[in-house]
Amino acid sequence: MEKITSLTASESIVMKCIWDANEEISLGDIFIMCNERFHKDWKYQTVSTFLIKLVQKGFISPRREGHRILYEILIPEENYIAQQAYEFVHFWNRGSASQFLISFYRDQKITKEEIQDLKKILDTHGEKI
């Protein structure tokens, strides 16, 4: 797995809006999504600064279309989540997926559907994991 740079909390919010759009998206649309979905009171310049940082980190690429700049995703959300999960489990649970699951479900109930899903994952990917 190629190392992906970690995101700050604010960069994560901006990137989550871009990932959720699932298509090229403009600063204006990102600005609205961040402020509405994540209850931020950010200015255009604030969001623009985060976009510049995300371009520098290689997460997105800008493309001019007329007077607008659209941002294209370069690092898929699934890749970022996989790396963050791996690093979390490796650091906090010494790489043990079972210890992670024990910690995760310690104070919650796990549904029968989730148990079946986990069994399928282990049966299918057990050797890979």
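Predicted model: local features only at pLDDT ≥ 70, side-chain atom pairs only at ≥ 80, totals over all residues.
**Entry 1: α1 against α3**

I then listed who touches whom: from α1 come Ser10, Glu11, Val14, Met15 and Ile18, and from α3 come Phe50, Leu51, Lys53 and Leu54. Sorted by class, I have 6 nonpolar residues, 1 polar residue and 2 charged ones in this contact.

**Entry 2: a closer look at serine 10**

Serine 10 turned up in that list, and I wanted to know more about it. It sits in helix α1. Is serine 10 buried or exposed, or partly exposed? Its relative accessibility is 23%, so I noted it as partly exposed. Setting aside neighbours within four places in sequence, I found serine 10 in contact with Trp42 and Phe50.

**Entry 3: α1 against α2**

Next I turned to helix α1, residues 9–21, and helix α2, residues 27–37. Their axes are 9 Å apart and the helices pack at an angle of about 115°. That makes α1 roughly perpendicular to α2. I wrote down the crossing of α1 and α2 as right-handed. On the α1 side, the contact is made by Ile13, Val14, Cys17, Ile18 and Asp20; on the α2 side, by Ile30, Met33, Cys34 and Arg37. The contact of α1 with α2 counts 7 nonpolar and 2 charged residues, with no polar ones.

**Entry 4: α2 against α3**

The axes of α2 and α3 cross at roughly 110° and come within 10 Å. These two helices are therefore roughly perpendicular to each other. Which residues meet here? From α2 I noted Leu27, Gly28, Ile30 and Phe31, and from α3 Tyr44, Val47, Ser48 and Leu51. The contact of α2 with α3 divides into 6 nonpolar and 2 polar residues, with no charged ones.

**Entry 5: what is buried in α2**

I stayed with α2 and looked for its buried residues. I found Gly28, Ile30, Phe31, Met33, Cys34 and Asn35 buried there. What covers them? The cover includes α1, β1, α3 and β3. After α2 comes histidine 39, and I noted its positive phi, near 50°.

**Entry 6: the sheet**

Then I moved to the strands. A reminder to myself: strands of a sheet pair through backbone hydrogen bonds, either parallel or antiparallel. Here I see an open sheet of 3 strands in the order β1-β3-β2, and the pairing is antiparallel. β1 (25–26) and β2 (60–65) stand at the edges with a single partner strand each, so one side of each has no neighbour in the sheet.

How many bridges join β2 to β3? I counted 6 between β2 and strand β3, residues 68–73, and the two run antiparallel. Two pairs went into my notes: arginine 63 has leucine 70 of β3 as its bridge partner, and glutamate 65 has arginine 68 of β3. The hairpin of β2 and β3 has 2 residues between the strands, and in it glycine 66 takes a positive phi near 65°.

I also checked what lies across these strands. Helix α3, residues 44–56, lies across β2 and β3 and runs at about 120° to β2.

**Entry 7: isoleucine 73**

Isoleucine 73 belongs to strand β3. I put it down as partly exposed because its relative accessibility is 27%. Leaving out neighbours within four places in sequence, isoleucine 73 is in contact with Met15, Ile18, Trp19, Phe59 and Ile60. I also looked up isoleucine 25, which is 48 residues away along the chain; the C-alpha atoms of isoleucine 73 and isoleucine 25 are separated by 9.3 Å.

**Entry 8: asparagine 93**

My last stop was asparagine 93. Where does asparagine 93 sit? I found it in the loop between α4 (77–92) and α5 (97–104). Asparagine 93 is buried, with a relative accessible area of 10%. Apart from neighbours within four places in sequence, its contacts are Phe88, Gln99, Phe100 and Ser103.

Methods
Residues numbered from 1 in each chain as written. Heavy atoms only, no water. Pairing = 2+ DSSP bridges. Helix = DSSP H or I, 4+ residues; strand = E, 2+ residues; numbered from the N terminus. Contact = heavy atoms within 4.5 Å. Axes fitted to C-alpha atoms, helices over the stretch in contact; angles between N-to-C directions. Parallel < 35°, antiparallel > 145°, perpendicular 65-115°, else oblique. Left-handed = near helix turned anticlockwise from the far one by under 90°. Nonpolar A, V, L, I, M, F, W, Y, C, P; charged D, E, K, R; others polar. Buried < 20%, exposed > 50% of the residue type's maximum accessible area, 1.4 Å probe, protein only.
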